Amino acid sequence: MSTIKTICVYCGSGPGTNPNFIEGAKALGKALADAKIRLVYGGGSLGLMGAVATSVLDHGGTVTGIIPDFLRMRENALTRVQEMVVTPDMHERKRLMFERSDAFVALPGGLGTLEELVEQLTWQQLGRHAKPVLLANIDNFWEPLFSLVSHMRQTQFIRAGLSVDILKADKVEEIIPRLRAAAAQIPDSQRDLAPEVARKL
């Protein structure tokens, strides 16, 4: 049985237009700290990225930031974190985020957030990992994506045998319990293969 010790959070480096996005990021940070779950994230101090990491730290939790060298200045790397890993490029950043995490959460964000999220869903669909992937659907932010996935199923681009298991939480307090419930169904053997698999992707 797999347990969750680290959660990777994908999210925007901007605050968005809805204040509930920032509040949701802060609430998730507190929940991670209270549950003694380490945050793995993109390393920046701006927007939702900064809000979730700062909240974890403010509530006594631990944070690993993983940031490519060329983004350290642009995203204003958060120096307070216990561990900051600087990578040479985006590919190495994503590989390490995958290796270091037991589950993935997507808060609201832009194209970078979407790209990282869809990559994990694609790897999961192809049987390359079984780690839980959850969308934090704050104020229905991710509903257009759920509609698109439904459309892909209807048009048979997501076919039987190639299912996509996307977890969904409309409230922040639902996130960790749903991830834990999903992780409890994953054999340790599948999780332990993750680093080797990541290097072959």
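Is Cys 11 buried or exposed? Cys 11 is buried, at a relative accessible area of 7%; buried means under 20%, exposed over 50%, partly exposed in between (1.4 Å probe, protein chains only). The model is predicted: local features need pLDDT of at least 70, side-chain atom pairs count only at pLDDT 80 or more, and totals for chains, interfaces and linings use all residues. Residues are numbered from 1 along each chain as its sequence is written, and side-chain values use heavy atoms, with hydrogens and water left out.

**View 1. An open sheet of 7 strands pairs in parallel.** The order is S4-S3-S2-S1-S5-S6-S7. Strands S4 (83-87) and S7 (167-169) are the edges, each pairing on one side only. Neighbouring strands are turned by 25° on average, direction ignored. Strands (E, at least two residues) and helices (H or I, at least four) are DSSP runs, numbered from the N terminus. Pairing takes at least two DSSP bridges.

**View 2. Strands S1 and S2 run parallel.** S1 (residues 6-10) and S2 (residues 38-41) are joined by 3 bridges. Cys 8 has Val 40 in S2 as its bridge partner.

View 3. Angles run from 0 to 180 degrees between N-to-C directions, on axes fitted to C-alpha atoms, for helices over the stretch in contact.

**View 4. Cys 8 is in no disulfide.** The disulfide count is 0, with sulfur atoms within 2.5 Å as the criterion. The nearest cysteine sulfur to that of Cys 8 belongs to Cys 11, 9.1 Å away. Cys 8 is buried, with a relative accessible area of 0%.
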